[in-house]
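Q: Could you take me on a close look at one chain of this model, starting from the side that faces its partner and then going inside?

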Amino acid sequence: MSKRTIRSFLLGDAQADRVVPPSGFTAQLTLFAAAAMAFLAVFALALCMASGRLADRWAGELARSATLRISAPADQRDAQTAAALEILRQTPGIASARALSMEEQAALLTPWFGADLPLDDLPVPQLVEIVADDQGYDVEGLRLRLSGEVPGAVLDDHSRWRRPLVDAANSLRRLGLMSILLIGGATAAMITLAANAALAANAQVIEVLRLVGARDTYIAQAFVRRFTLRALIGATLGMALGMLGVALLPPASDAGGFLTGLGFQGAGWAVPFLIPVLGALVAFAATWYSARRRLGELT
Amino acid sequence: MIELENVGYSYGGGELLSNVTLSLSPGSFHFLTGPSGSGKTTLMKLCYGALKPTSGRIKVFGSDMRRLDRDQMAILRRRIGVVHQDCQFLDHLPLADNVALPLTVSGRDVGAESQNLSELLAWVGLGNRTDALPPELSGGERQRAALARAVIMSPEVVLADEPTGNVDWEMSQRLLTLLAELNRMGKTVLVASHDLALIRAAKSLVQARVLRISNRKLQLAGADL
């Protein structure tokens, strides 16, 4: 397509539009289908972005923190803690390591044992909070060294329960992406069917136009413009309704967890505006392809 | 204008035309006659590129038709006015828009040509029917509208396939007069018709040559029909 073709396509040609008879009912069906698909696409997108955020957050937070548990007889506890802290200080890739105070450990246990727990009388292990820097550290190496020098220490890098969570969030994101692709494909299929029906219904119009010397581009454009505009308008409506639906979801809260986090955040709100544009592009390509193929069959 | 060299055309079943050689020179008037099914319409279609010959060569305005792509073919059709026996229109547009359709699709400004358009419609006697939709027109009106549409681009060649097929004698005389007038204006005209009375009637109007298709061949018929 030349630059001129694109320009005349965008500006439109009232006369070119008139040569194809108006089709009320099918036009509304195309509009409805585009709107429904855009509506679904908004939710698929929201799911994608929410699960993406979740996966990133879990992976980031969990990967960077680890816990060292030191279970030792009361008399050796402080010495072993000091030794462990020294090892951690020397390990490359660890940003900070800090032994939790008695009060902090008591706060962690409160939900399970109540506020009145006499912590001093119980053999509670000492916890050391480890925060890795961006490069990370060699977990296995650290584990080996600790087992040699601090026998009571157990390193927990949270990976055991981190992986399934991150995997789950990533699977959700993949499902969302796949839904968006399927929605795009289904839209293309529907528009192609509708365009083919319109081209077949207007076979006489096409023949007359061809007889009086209309070029393929001219004939195709009359159809392509129509379907592209219908898809654009329908998808805009659907997107607006979908975004309204997402906006009306209850706000994200800690108590609600994942479910209430479904939605867009910040710049994410701009992404759904791509849906009508992509919908129009899909309609354009689908109609262009069917029109050219149909016209190629004529002499 | 249009030259056919040893053109043959076969349908799936068998050969319909073979070794047809024909040259339409500028300003000439030809009748094409022959029994039904002899290939008149096929020959007309070959002349404006709706069919491709299975053998031989067709040159239109000096260029080999086989070498033209689809867009060039569309441009070519703007220089050849075609009137069909069963003329088709865009049924949702009024007559004036239908007649102006060749201008519309070639990107010409229809508004600027409105004077021409109304003169043309008056010439074919449809000046008072401009707002009628094609389904509302009678057979004769449709034929005249098709003729007006065929000549609005001021083509060099006018091809009319049985233009009088659906109309009474008086109307065919009128159409013939219009075609003769076009020829006097310098257009090359080829009219396919099986109506010998019409061809005889044309003798008084125009210097016409008669081509006849018989046994798959094209022959120049004698002067006396």
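A: Happy to! Please keep in mind that this is a predicted model.

Let's begin at the interface. On the chain B side, 26 residues are in contact with 23 residues of chain A. Together the two chains bury about 2,200 Å², and 53% of that area lies on carbon and sulfur atoms. B:Arg70, B:Arg77 and B:Val105 stand out here: they supply 29% of the area that chain B buries against chain A, more than any other three residues.

Two salt bridges are counted between chain B and chain A. In one of them, B:Asp71 pairs with A:Arg215, with the closest N and O atoms 3.5 Å apart. Helix H2 (70-77) and helix H4 (101-105) of chain B are the elements that give two or more residues to the side touching chain A. H2(B) has the largest share, six residues. By type, the residues on this side of chain B divide into 14 nonpolar, five polar and seven charged.

Moving inside, the largest nonpolar core has 44 residues, and B:Phe31, B:Val99, B:Leu147 and B:Leu179 touch the most other members. Several elements of chain B each supply at least two residues of this core, among them strand E3 (29-33), helix H3 (95-99), helix H6 (139-151) and helix H7 (169-184). H7(B) gives the most, with seven residues.

Leaving out residues up to four places away in sequence, B:Val99 touches B:Leu117, B:Leu120, B:Leu121, B:Ala145, B:Ala148, B:Arg149 and B:Ile152. There is also a second, separate core of 34 residues, which includes B:Val7, B:Cys47, B:Ile58 and B:Val82.

B:Cys47 leads us on to helix H1, which spans residues 40-47 of chain B. Six of the eight residues of this helix are buried, so helix H1 is largely enclosed by the rest of the structure. The buried ones are B:Lys40, B:Thr42, B:Leu43, B:Met44, B:Leu46 and B:Cys47. Just after H1(B), the backbone has one more detail to enjoy: B:Gly49 takes a positive phi of about 85 degrees.

Definitions and conventions: Residues numbered from 1 in each chain as written. Chains lettered and ligands numbered in written order. Predicted model: local features only at pLDDT ≥ 70, side-chain atom pairs only at ≥ 80, totals over all residues. Heavy atoms only, no water. Contact = heavy atoms within 4.5 Å. Buried area = accessible area lost by both parts, 1.4 Å probe. Salt bridge = Lys/Arg side-chain N within 4 Å of Asp/Glu carboxyl O. Helix = DSSP H or I, 4+ residues; strand = E, 2+ residues; numbered from the N terminus. Nonpolar A, V, L, I, M, F, W, Y, C, P; charged D, E, K, R; others polar. Core = buried A, V, L, I, M, F, W, Y, C linked by side-chain atoms within 4.5 Å. Buried < 20%, exposed > 50% of the residue type's maximum accessible area, 1.4 Å probe, protein only.
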